[in-house]
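Visitor: I am new to this structure and would like to learn how to read it, one feature at a time. Could we start once the model is in view?

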Amino acid sequence: VFFKANQGRAKRPAETDVLPILQYFLKDPEQWRLGNTKVFVRDGASSLLEERYKTHRLECKLLLQARAKASLQRRRYLKMEGAAITVQKNFKMWLAVARRKAQMSALRALQRAAKRAVHAGAFS
């Protein structure tokens, strides 16, 4: 099956697609010429274009990897932060219950002592 590149789209000049790429990778306009359907590149510029393109692809790949790693690390951090908050909440609850138990134990001891004193006639 044969597919045409501009099938279903309005045709536009190749300059609008190719020109920014050539200007980005080959700064010197003497290194290339645009034909109607082809790009003519000088001998040395072809290898330079290929090298710069590989470097550009590597930079893009590294940027994507860095962003993916950052996203994964952010998720891990948020998960750990949630776990830390849960541990803190549970510890604070345990501490409050332990303090309440100590207070209640002290209160009961005072009440027992007061009952003994009342039964012993200390207040009469």
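Visitor: Where in the protein chain is confidence lowest, and where is it highest?

Guide: Confidence is given as pLDDT, the predictor's score for each residue from 0 to 100, and helices (H or I, at least four residues) and strands (E, at least two) are DSSP runs numbered from the N terminus. In this predicted model, local features need pLDDT of at least 70 and side-chain atom pairs count only at 80 or more, while totals for chains, interfaces and linings use all residues. Residues are numbered from 1 along each chain as its sequence is written, and side-chain values use heavy atoms, with hydrogens and water left out. Here helix 1 (residues 15-25) has the lowest confidence, with a mean of 81, whereas helix 2 (residues 43-120) has the highest, at 95. Over residues 1-5 the pLDDT falls below 50, and that stretch has zero contacts (heavy atoms within 4.5 Å) beyond near neighbours in sequence.

Visitor: In what pattern do the elements follow one another along the sequence?

Guide: The protein chain reads α-β-β-α, with two helices and two strands.

Visitor: How many aromatic pairs does the structure hold?

Guide: Rings of Phe, Tyr and Trp (its six-membered ring) pair if their centres lie within 6.5 Å, and planes under 30 degrees apart count as stacked, over 60 as edge-to-face and the rest as tilted. The structure holds three such pairs. One of them joins Tyr24 and Phe25 edge-to-face, at 5.0 Å centre to centre with 80° between the planes. Phe25 also pairs with Tyr53, and because their planes stand at 75°, with centres 6.1 Å apart, this pair is edge-to-face. Since Phe25 belongs to helix 1 and Tyr53 to helix 2, the pair ties together parts 28 residues apart in sequence. Tyr24, Phe25 and Tyr53 form one aromatic cluster.

Visitor: Is Phe25 buried or exposed?

Guide: Buried means under 20% relative accessible area, exposed over 50%, and partly exposed in between (1.4 Å probe, protein chains only). Phe25 is buried, at 9%, whereas Tyr24 is partly exposed at 46% and Tyr53 is partly exposed at 38%. Buried residues make up 5% of the 124 residues in the protein chain.

Visitor: Which residue lies over the face of Tyr24?

Guide: A charge sits over a ring if NZ of Lys or CZ of Arg is within 6 Å of the ring centre and within 35 degrees of the ring normal. Here Lys27 lies over the face of Tyr24, at 5.0 Å from the ring centre.
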